[in-house]
Each structure stands twice: as C-alpha cells, then as structure tokens.
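Subject: Handing over the two-chain model

Dear colleague,

I am passing on to you the structure shown here, and below it I have set out what was found in it. Please read the notes with the model open beside you.

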Amino acid sequence: MALLEMENLTVEFGSEKNPFRAVDQVSLTIDKGEVVGIVGESGSGKSVSSLALMGLVSYPGRVNASRLNFDGNDLLAMPQSQRRKITGSDIAMIFQEPMTSLNPCFTVGYQISEALKVHVGGSRQERRDRAADLLQQVGIPDPLKRLSAFPHQLSGGMSQRVMIAMAIACNPKLLIADEPTTALDVTIQAQIMDVLLRLQQDRGMALILITHDLAVVSEAAHRVQVMYAGQVVETGKVPDIFTAPRHPYTQALLEALPERSRGKRRLTTIPGVVPGVYDRPKGCLLAPRCRYADATCRTVRPQVSDLAGAKIRCFHPLDDAGRPTP
Amino acid sequence: MLNLIKALLGLDKPLWQQYTLYLYHAIQGDLGLSIVTKKPVIEEFLTLFPATIELTLCAMLFAVTIGLPAGIWAAVKRGTAVDHSVMAVSLTGYSMPIFWWGLLLIIFCSVTLGITPVSGRLSAEYWIDPTTGFMLIDTLLSEEEGAFADALHHLVLPAIVLGTIPLAVIARMTRSSMLEVLREDYVRTARAKGLSPLRVIGVHALRNALIPVITVIGLQLGTMLAGAILTETIFSWPGIGRWLIQSIARRDYPSVQGGILLVASVIITVNLLVDVLYGIINPRIRHTR
C-alpha cells in the first residue's frame, strides 16, 4: 500500500460562484521512502497543494479531493483534532524562508521541544536532550549551547537546519520540503540538500521536494511531477523525464536551464507568464505559450492520459526525438 | 505686613534667585507649601496619589481584560460580523466624550437601577484609617464588615469610564497587530507542527502581537496616572486629577506647579518601565549589545 494516495486534489479560493482554482485535480501517489520532486514556475500551485496536504489551507480556501489517504487513514474524513496529530508528526514540512519561519520570541530549544511535547511527550529534560540530539543530526555545532539561542542570532542556513530538526523531531513518514534552499546562497544550498537527503536515506522517510531547481531534482528524486497553472502536466520517472520529456512544457523548462544555453548569445526562456486568475485560456492552459499549440489546443482542455509509464496532459505528446506527435 | 509676607514667600529676592532656590528645593523633594491648605505640596500629592493609582490600575485591568481578547477575537474572525461589531463598539467607545459617558452611566446604574453609588471612594458609614492609601487594601486590613465590597462598588463605575478609551485603543491595536502577525511565516510553522488553534494564536501569535500593544498600554497608563481629570471630577474621586483642577480654580500656584512637575515625572517613569518591559518580551532588543 502506498504511503500517500491523493486523487483529484482541488483547492479553490474566492467566492463559491466565481471560484479561482489554485490547484486543479492534482493526483499524487508516494511510496514509503520515495523521493518525489515537484517542479514548476512560481504560481503553478506547488506550495498550495502541499499546504492542502498538511491541512494548512484555511478559510476562505476550500480543499476537495476524491481521495486523500495517508498511511491508510482518510485525512479528509477525520476531525481536525485527529488530523493535527498526524500533521507535524507523521507528515512534516519545511518552508522556503527559514529566517521568518521561526518564531522570533522563543528560543530554538523551546520551538523544537514544543513539537516533541505535543506529539511524543516526555519530561522536560528528555525533550531537551532529544532537541540537542536533533541539532547534532542536522549538523549544528555545539548543539547544547544553541538550544538557548533566539532565531535572530542564527544565519539563514542555521535557521533552515533548525527548521529541519524541528520537522524531523517526531520521526515523520513523509517530509515536505517547500523550496528549502531558494532563499539561501549557493554554498549553503548544497549543504542543506546534503542534510535533507542524508536524513531521508537514514530514516527511510518519503520526501516531497518542491523546487525550481531541476538539477537538484535530477540528482535526488525518483519521480518528478511537473505542474503548470495549478495542474499536473507531466508525471514521470527520473531519468526518463530528463532524457525524453513528453510534455512541451517540460521540454521548455529543460531548455531554459542555463547550462543548455552554453555558447548561445541569449539564454533560452519560455515567453509569457503563467496565466492569472482572470486570463485563464479556454483550451489548454499552456496553449498561449506553447510553440506546438494548434486550434484544438486553444479550444479544448486536454485530460491526463497514460503514455509509456508516464502521465501526460497534452494532445500532442512529444516523441523520443522531442517532436510533437499528431 | 506686606514686606513680611513677601520675605516669607521669597518674593523680595531677584527673579533668578527665586528660580534657583525653587530648583534647589525641588531637587530635595520640597515643592513649597500650598497657598490654600498651607501643607507641603509633595505631602498633598502623596496623600492623593494612591487613589489615582488605584483607579488607574482598575481601569487598565478592565481595559486589558476586555480589550485584548476582543481584539484577538476580531482578528481571528476578520471580515465577519464579530470583527465588524467589535470594531464598531470600540470606535464608539473611542469617540465617546468621557464626561457624557460618565454621566450616562451614573444616571443609568446609580439613579435608575440604584446598583452603584454615585460618587466618592467609600460610603460615609465606614471610617477606614489610611494605612496604604489604597482603599481596596485598607478596607481588607480594617476587617470592617462590608467595607471592601463597598469600596469595590464605588470603584466600578469610575474604572469603567476611565477604562473605556484605553479599551478601545487596546482592542484596535491588538486587532491590527494580530492581523499582521497571523500572516507571518512562523504562524504557519506553528500550525504545521500540529499545534491546536488556541496554542497557535494564544502563544505563538500573541507573544509577537503584544509588542506594539504593550507600548500603547504604557502610554495610556502614563496619561491615566497623570490624573484622570474628567473622570475624577465627575465621580468626586479624591485623586490627582481632581486636586489639580481644584488647585487651578483656587489659583494655588505652588500646588499646580509642583503637581505638574510630579505628574511629568510619573509619566517619564512609567515610560521607562515600559521600555524595560519591552526588552523582556522582545528578545531581539534584549540581546542587542
């Protein structure tokens, strides 16, 4: 049985009559110990869908799914108090902005042991020892001394390590890392990714890695889900998706990698922006930016279809040579 | 005779000497004698000050216990009927002329319903020795039956009237500060830990939201301790505010002069204490070296 089974997750904001779909029928299945990368431009619904999975989308957002099972439990059917026991212990999350994600008024030790207090219990001394142990695991030197530090005394990289320590405190089965390295500088990025992947392997936990960074995904993930404007456009295995992308958007994303523009006068880009609330196209959401779009693409919205082990939302999936099929 | 009085009041000396002498005495706590009562100004002030402190603290207690939860509630339920009514009521309270509000309450509670006394600190049937000057404490110490309840009865209306504006200010400040904090990333982190809404709001958000609210409370406290002139006058509350107004009416210059000086020092002291408190609640200030 899969650890997480999510089918047709939809998150809507705005009024009932005129809703705006931030996440549109996203399905995702994750096995124990699996690393799944979710990539896409800003505004493609990556973060919102994982917040919905955590149960953190609050009013006026509305979350629906035809199925949302975690470890055999139906997350949508259970009462809020029950779900909070899973959130933060079995499913944990770390965020993009480590500097603002820690509460400035409480010490690092307090914030780590608080998670333990709620989900695990134990005496104050036990929790303190465990917190120090966790800081050690994420590579913070002199952990006992750091316990009494306040977040403003830590650098961005240190803060993210503390966030990771906090997230893994209750031995989660699934860790969601929402662009964990975007706000950090490059040398620290590599260190944080190392810590994350080492912990993932040591503990055998599943990891959802939300990122812009395709290079990180290609190295770390087993599977990749590409999102665009709230929809999943392609799901596939690594390395297949990098060697032979089936969806034009995935192809365009890969071509936009700076490494692939080596020797060219200009970097390759995808023209235009992700459609906003009021300018969603009638047909395929990518149609205005897609170089292969035809009349059907502009008028009819494609559905997800299976194609050689991958899932594609496109009328003209690309062949192995990267050319659209009729 | 005239020369004698002039010499007694020091008016025969040149102006700069009078002023230097005044400063010299003021530093040592001697603010001169009241023209009316012939008692030292500092002594008069100290006798009346406990009454003002008592009233101020009770008013602030009232304002904080209602204003803070109301502000938090409004912020959590933002955009709903709860939010709008809390804001409407606090705006009404803020714009209400204090003397009119006091009179309204007296007419309703004291005259029509007869549940509270009209004015003063204690009914005439009790005689309590001023041990501490705080009527609530003194009545408890005196062991006279019913005196404490009577003192409390006298305190309710003035405290409500004096606390109305601070209540409104605190409620509005708490709401806006809370709304800001609730959007912060660390609130999302707290929720992601699986904490109950009560803990997320009451511990993680409130601690941060309190920082600007404390400042407002401190400023209000300073102003109130300086004598709630309107409230004390309406309720014949024997405190600093009423004493200052009376002194002005009697042209009692030493009292007015000394009173203002003392009131100013009280405000400065309170603000200083608030700054210290600020450091306790906000670690970012405490650790700056």
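Helices here (H or I, at least four residues) and strands (E, at least two) are DSSP runs, numbered from the N terminus; axes are lines fitted to C-alpha atoms, for helices over the stretch in contact, and angles run from 0 to 180 degrees between N-to-C directions. Two residues are in contact if their C-beta atoms, placed from the backbone, lie within 7 Å.

Before going further, please note that this is a predicted model, in which local features need pLDDT of at least 70 and side-chain atom pairs count only at pLDDT 80 or more, while totals for chains, interfaces and linings use all residues. Residues are numbered from 1 along each chain as its sequence is written, and chains are lettered from A and ligands numbered from 1 in the order in which they are written.

The sheet of chain A

Domains and local geometry of chain A

Chain A is divided into domain 1 (1-102 + 171-321) and domain 2 (103-153), with bounds that come from an automatic or database domain assignment. The C-alpha centres of these two domains of chain A lie 31 Å apart, and their contact takes 4 residues from domain 1 and 8 residues from domain 2.

Two local features deserve a look in the viewer. The peptide bond from Val238(A) to Pro239(A) is cis, with omega near 10°, and Pro239(A) lies in the loop between β11 and α10 (240-243) of chain A. Asp142(A), in the loop between α5 (124-137) and α6 (143-146) of chain A, has a positive phi near 55° although the residue is not glycine. For context, most residues other than glycine have a negative phi, and most peptide bonds are trans.

Chain B has 13 helices and 0 strands, and its C-alpha atoms fill a box of roughly 85 × 55 × 35 Å, taken along the principal axes. Helix α3 (residues 41-76) and helix α7 (residues 147-182) of chain B pack at an angle of about 35°, with their axes 6 Å apart. By class, the contact of α3(B) with α7(B) has 26 nonpolar, 4 polar and 2 charged residues, where Ala, Val, Leu, Ile, Met, Phe, Trp, Tyr, Cys and Pro count as nonpolar, Asp, Glu, Lys and Arg as charged, and the others, Gly among them, as polar.

Between the chains, 18 residues of chain B are in contact with 23 residues of chain A. On the side of chain B that touches chain A, α8 (185-192), α9 (197-225) and α13 (283-286) of chain B each supply at least two residues, and α8(B) gives the most, with 7 residues. The residues of that side of chain B divide into 5 nonpolar, 6 polar and 7 charged.

Confidence

The predictor gives the complex an ipTM of 0.87 and a pTM of 0.84. For pLDDT, the predictor's confidence in each residue, from 0 to 100, chain A averages 88, with 100% of the residues scoring at least 70. The mean for chain B is 88, and 98% of its residues reach 70 or more. In chain A, confidence is lowest in β12(A), at a mean of 82, and highest in β3(A), at 93.

With best wishes
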